[in-house]
Amino acid sequence: MDALVIIKVVEEWLELLTSHEKEVIFWRYINHDFERTLNKKMKYKTLSYAEIAKKMNLDRKCIWRIEKKAFKKILA
């Protein structure tokens, strides 16, 4: 799929979300890194719910609920 099409779709999804929902989705899925595992394979790495909660000064369960609410909006 063309990268520009993907960017456009993601931008449309983000327009549906509140600022908290956008931030959670950003930290959980958009801002990521790859790290090498012990067998030298590359593994997709994102922040945990606890790490995001600390950054946003919210409870870990609150982050989980915000993420689920955001996905409901995106998938509707």
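T46 sits in the loop that links β2 (42–45) to α3 (49–56); helices (H or I, at least four residues) and strands (E, at least two) are DSSP runs numbered from the N terminus. This is a predicted model, where local features need pLDDT of at least 70, side-chain atom pairs count only at pLDDT 80 or more, and totals for chains, interfaces and linings use all residues. Residues are numbered from 1 along each chain as its sequence is written, and side-chain values use heavy atoms, with hydrogens and water left out.

**Around T46**
- T46 is buried, at 18% relative accessible area (buried means under 20%, with a 1.4 Å probe and protein chains only).
- Leaving aside residues up to four places away in sequence, T46 touches W27, R28, H32 and E51 (contact means heavy atoms within 4.5 Å).
- From T46 to R60 it's 14 residues in sequence and 15 Å in space, C-alpha to C-alpha.

**How α3 meets α4**
- The axes of α3 and helix α4 (residues 60–75) come within 8 Å and cross at roughly 100°; axes are lines fitted to C-alpha atoms, for helices over the stretch in contact, with angles from 0 to 180 degrees between N-to-C directions.
- That makes α3 and α4 roughly perpendicular to each other (65 to 115 degrees).
- On the α3 side, Y49, A50, I52, A53 and M56 meet R60, I63, W64, E67 and K68 of α4.

Key: Buried < 20%, exposed > 50% of the residue type's maximum accessible area, 1.4 Å probe, protein only. Parallel < 35°, antiparallel > 145°, perpendicular 65-115°, else oblique.
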